[in-house]
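Please read it alongside the sequence and the structure shown here.

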Amino acid sequence: TALALYATVVFNVATSRSDVEMIFNTVVLLFVNDLDEKMFTSLHTINSEWLEKITSEIAGSFRGNIKVDIQYAAANHELRDEQTRRIEQIEKKLLEKIMRVETEYEKLKTEYNKLKTEVKGLKARHTTKSIKIKTIQHTTKNIKIKTIQAIVIAENKKLQERSSRLRNRASNKEQG
């Protein structure tokens with residue numbers, strides 16, 4: 001509140017001898033002020049009627065502007081409570097979204113692992129088929145080579161037979 005800020009500044013200017021001491025005193029005073037507000041909020045939650053009664057008695061003993069400050073403090077606490085509720089609602093919604101995202105992440109992770117396993121299987125099948133294809137190509141090549149060799153051998157035999165016949169004719173012509 002403004003009163004706490006004013007008291008902090010006046011106290012620090014009056015008592016601090018250095019910047020470090022002023023910062024230290026400020027931190028301590030802000031902590032005490034925050035603690036005081038939390039205690040006030042706790043008392044308000046526990047027994048608001050008693051707190052209002054005591055606050056009215058204190059205000060009555062001072063007579064004057066204290067009542068305005070007390071009303072301002074009460075309104076400030078109500079505003080803080082409303083902000084706290086809003087923050088809690090936002091946190092709840094964020095938690096729900098985080099849970100949905102985590103669930104979706106787990107689903108995607110599972111799907112990814114399935115696909116990864118599937119890809120490994122496809123790679124293994126591809127490798128196996130590649131080996132089979134290479135084997136078939138090699139076998140086909142060997143068959144072609146053997147077929148060509150057989151054709152060459154058959155043609156050689158035909159040529160030898162022809163050559164033999166031609167020699168026999170030639171020798172029969174020479175003898176005859």
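## Salt bridges and helix packing

At 51% relative accessibility, Lys 158 counts as exposed, because the cut-off for that class is over 50%. The model in which this residue is seen is a predicted one. Lys 158 forms a salt bridge with Glu 155, with 3.8 Å between the closest N and O atoms, and Glu 155, at 39% relative accessibility, counts as partly exposed. The two residues are three places apart in helix α4, and therefore about one helical turn separates them. An α-helix has 3.6 residues a turn, so residues three or four places apart point the same way.

| Pair | N to O distance |
|---|---|
| Asp 34 and Lys 38 | 3.9 Å |
| Arg 85 and Glu 82 | 2.9 Å |
| Glu 155 and Lys 158 | 3.8 Å |

Arg 85 and Glu 82 both lie in helix α4, which runs over residues 66-175, and they are three residues apart. Arg 85 is partly exposed at 44% relative accessibility, as is Glu 82, whose relative accessible area is 29%; together with Arg 86 these two residues are linked in a network of salt bridges. Asp 34 and Lys 38, by contrast, belong to helix α2, where they stand four residues apart, about one turn of the helix, and Asp 34 is partly exposed with a relative accessible area of 35%.

Taken along the sequence, the chain follows the pattern α-α-α-α, with four helices and zero strands. Of its 176 residues, 6% are buried, and its accessible surface comes to about 15900 Å², 61% of which belongs to carbon and sulfur atoms.

Some of the buried residues are found in helix α1, namely Ala 4, Thr 8 and Asn 12. They lie on the same side of α1, because they cover an arc of only 60° around the axis. On the other side of α1, Ala 2, Leu 3, Tyr 6, Val 13 and Ala 14 are exposed. The buried residues of α1 pack against α2.

Within α2, Asn 25 is buried, with a relative accessible area of 14%, and beyond its neighbours within four places in sequence it is in contact with Phe 11, Asn 12, Thr 15 and Ser 16. Val 32 also lies in helix α2, residues 19-46, but is partly exposed at 46% relative accessibility.

Notes:
Residues are numbered from 1 along each chain as its sequence is written. This is a predicted model: local features need pLDDT of at least 70, side-chain atom pairs count only at pLDDT 80 or more; totals for chains, interfaces and linings use all residues. Side-chain values use heavy atoms; hydrogens and water are left out. Buried means under 20% relative accessible area, exposed over 50%, partly exposed in between (1.4 Å probe, protein chains only). Contact means heavy atoms within 4.5 Å. The arc is that of the directions from the helix axis to the C-beta atoms. Accessible areas come from the Shrake-Rupley method with a 1.4 Å probe; for residues, only the protein chains shown count as cover. A salt bridge is a side-chain nitrogen of Lys or Arg within 4 Å of a carboxyl oxygen of Asp or Glu.
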